[in-house]
Amino acid sequence: MLTSLLWRAKWPADATRTYYAITGFSSLFWVLNSTLSLVYMATTVGLSPLQMVLVGTVLEAVTFLFEIPTGIVSDLYSRRLSVIIGYLLMGAGFLLQGLVPTFEAVLLAQVIWGIGFTFTSGAEEAWLTDEIGPDSVAQVFTRGQQVYLGTTLVGTLAAGGLGLIDIRVPLVASGAGFMVLAVGLLLVMPEQNFTRVPRDERETFRHMGRTLADGIAMARRRPVVRSFLLISLFVGLSSEAFDRLWTVRVLEDFDFPDFLGTDDPVVWFTAFSVIGTCIALGASLVVNKVGPASVNALHPRGMLALLAALQVLGVAGLALLGNLWLALAAMWLRDAAVALSMPVQAAWLNRNVDSRVRATTLSMNSQANAIGQVVGGPPLGGLANRTSVSAALVTSAVVLAPIVAIYARLKPPAESK
């Protein structure tokens, strides 16, 4: 019975509706964990700044190393099976993280759920494309993004409410939810049109090695590719420390105001998350409304340089400003600039790189960012331990600063020959 369920659902549902359910529930359970997980690590577990960064470094290294092996499961055996395994492992990792408040358990949890994440990465989209056809997926992906945004907001508020009971409750609920989702998919997720990917088209370590070699050779020939690789590397070197230490900076250096009779960090970090999401979304809508020419420009280097400068100022402001709300405003400025720059950068790159090298370029960009995070995180975490979190964040801003000049000097392929 169980063996047959691994390969075929007992009550197969409609693929599109199943995708919407996966998107909604996975985003809900994800936000239940992510909203307060850093606060939990810094307070309940009592991790030092270096340990906070090491947690992220381990996660990044695991996802980098396991992306290929888990992708083989999806390409060779079953997209459906890959998704189900992924959510089971993610649930187990989140449960361990919430139930055992020790550094060792948190590290092990990153390994477990990080591997689980790589099982789902790309597999959901590939499964849906197999099931409904490539001509129908664009509209479903768009609607799925709307479902994702709605359930993200609901999940953030739910995390805050459950966290008032105990900060571990939303983490445990997240883990249990992912495991229930996996069981549900075992029963209803259809897979009627899966075809094994041909051997020469599968992602393998040999293929990754060829991609690396091709990317290096391409970067030597093409200044545009070289510039984007450098940007990804500098972003990775800087971002791991910021992503892990902003919570520590706020917890250690500021007092929370009393709101409705409480100054509980659970309440305030939930509010910070909601405000930050609304600001980023609002900035995106405004810029797309009033500045579509800049957003859709063929070579928007001026806009990208400006957004990069705002990111640097935001990181530095969070590190140096002594008022809670000014420091948070700086952080939200950085986050909004990141949210605005990502689609613009992606569109710039995709429009100006030949299709035959596009996949290699995107893969190399992702690898450069991951390498930067693994290499840059521990030294900045160690600096925070030896000096202060503010010093590490200022250094993070300094490391990020070169991307402003790189964007400003970035030229279209025809100009850069």
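Is Ile72 buried, partly exposed or exposed? Select Ile72 to start: at 27% relative accessibility, this residue counts as partly exposed. The scale calls a residue buried under 20% relative accessible area, exposed over 50%, and partly exposed in between, with a 1.4 Å probe and protein chains only.

This is a predicted model, in which local features need pLDDT of at least 70 and side-chain atom pairs count only at pLDDT 80 or more, while totals for chains, interfaces and linings use all residues. Residues are numbered from 1 along each chain as its sequence is written, and side-chain values use heavy atoms, with hydrogens and water left out.

**Stop 1**

Keep Ile72 selected and colour helix H4, residues 49–76, where Ile72 has its place. Helices here are DSSP runs (H or I, at least four residues), as are strands (E, at least two), and they are numbered from the N terminus.

**Stop 2**

Next come the salt bridges, of which the structure holds six. The term means a side-chain nitrogen of Lys or Arg within 4 Å of a carboxyl oxygen of Asp or Glu. Side chains of opposite charge can pair when their charged atoms come close.

Select Glu240 and Arg244, both in helix H11 (residues 223–253). They are four residues apart, about one turn of the helix. Their closest N and O atoms are 3.6 Å apart, in a salt bridge. Glu240 is buried at a relative accessible area of 3%, and Arg244 also counts as buried, at 12%.

**Stop 2: Arg334 and Asp243**

Select Arg334 and Asp243, whose side chains meet in a salt bridge at 4.0 Å, N to O. Arg334 lies in helix H15 (residues 324–352) and Asp243 in helix H11, so this pair ties together parts that are 91 residues apart in sequence. Arg334 is buried, with 13% relative accessible area, whereas Asp243 is partly exposed, with 33%.

**Stop 3: Arg249 and Asp253**

Stay in helix H11 and select Arg249 and Asp253, which are four residues apart and so separated by about one helical turn. The closest N and O atoms of this salt bridge are 2.7 Å apart. Arg249 counts as buried at 5% relative accessibility, while Asp253 is partly exposed, with a relative accessible area of 40%.

Finally, select Asp243, Arg334 and Asp335 together: salt bridges that share partners join these residues into one network.
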